[in-house]
Amino acid sequence: MSDYLETLREHARIAILRLLEEAPKYTSNVAMITALLQDFGIGFTRDQVVGEGAWLEEQGLVTRTELASGLVVITATQRGLDVAQGTVRHPGVLRPSPKR
């Protein structure tokens, strides 16, 4: 994988965690996250967001629930919130800047 693609994925992962940090109950769905990532200049597809959500879940940073309708809902864990706030670091996730 190229350095650009890996860096883009690290940016997307912290962006997802930061979006969840601001969401009610730290929860959002993939469609909403995909749309909001555009504000960060990250043009990921829904499939790419689902993939990053799966990676974040494997790392213990989020939980995912797939509803009967096929909609995927993602919720930040406490560890994921800690990473979003920059109080802990996690390999593969960009550390947020001190000012947001």
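I began with the order of elements: from the N terminus on, the protein chain runs α-β-α-α-β-β-α. I then checked the radius of gyration, which is 12 Å, close to the 13 Å that the globule rule gives for 100 residues, so the chain is as compact as a globular protein of that length. I note here that the model is predicted.

**Overall layout**

I counted the elements and found 4 helices and 3 strands in the protein chain. I looked up the extent of the C-alpha trace, which spans about 40 × 30 × 25 Å along its principal axes.

**Surface and charge**

I looked up burial and found that 39% of the 100 residues count as buried. The accessible surface of the protein chain is about 5900 Å². Carbon and sulfur atoms hold 52% of that surface.

I counted charged side chains next: 11 are positive and 12 are negative. I also looked up the centres of the two sets, which lie 6 Å apart.

**Thr77**

I went to Thr77 and asked where it is found. Thr77 is in the loop that joins strand S3 (72–76) to helix H4 (78–85).

Is Thr77 buried or exposed? Its relative accessible area is 19%, and the cut-off for buried is under 20%, so Thr77 counts as buried.

I listed its contacts, leaving aside neighbours within four places in sequence, and got Gly60, Leu61, Val62 and Thr63. For Gly60 I also have an atom-level distance: its backbone oxygen lies 2.8 Å from a polar atom of the Thr77 side chain.

**Thr7**

I then looked at another threonine, Thr7, which lies in helix H1 (residues 3–22). Thr7 has a relative accessible area of 37%, which makes this residue partly exposed.

Which backbone oxygen lies 2.8 Å from a polar atom of the Thr7 side chain? I found that of Asp3.

I also looked up the separation of Thr7 and Leu37. The two are 30 residues apart in sequence, and their C-alpha atoms are 15 Å apart in space.

**Recap of the two threonines**

I set the two entries side by side. Thr77 is a loop residue and is buried, whereas Thr7 is in a helix and is partly exposed. The Thr77 side chain has a polar atom 2.8 Å from the backbone oxygen of Gly60, and the Thr7 side chain has one 2.8 Å from the backbone oxygen of Asp3.

Technical notes
Residues are numbered from 1 along each chain as its sequence is written. This is a predicted model: local features need pLDDT of at least 70, side-chain atom pairs count only at pLDDT 80 or more; totals for chains, interfaces and linings use all residues. Side-chain values use heavy atoms; hydrogens and water are left out. The radius of gyration is taken over C-alpha atoms; the globule rule is 2.2 Å times the number of residues to the power 0.38. Buried means under 20% relative accessible area, exposed over 50%, partly exposed in between (1.4 Å probe, protein chains only). Accessible areas come from the Shrake-Rupley method with a 1.4 Å probe; for residues, only the protein chains shown count as cover. Lys and Arg count as positive and Asp and Glu as negative; His and the chain ends are not counted. The place of a charge is taken as NZ of Lys, CZ of Arg, CG of Asp or CD of Glu. A polar contact is a pair of N or O atoms within 3.5 Å; within protein, one must be able to donate a hydrogen and the other to accept it, and residues adjacent in sequence count only if both atoms are side-chain atoms. Contact means heavy atoms within 4.5 Å.
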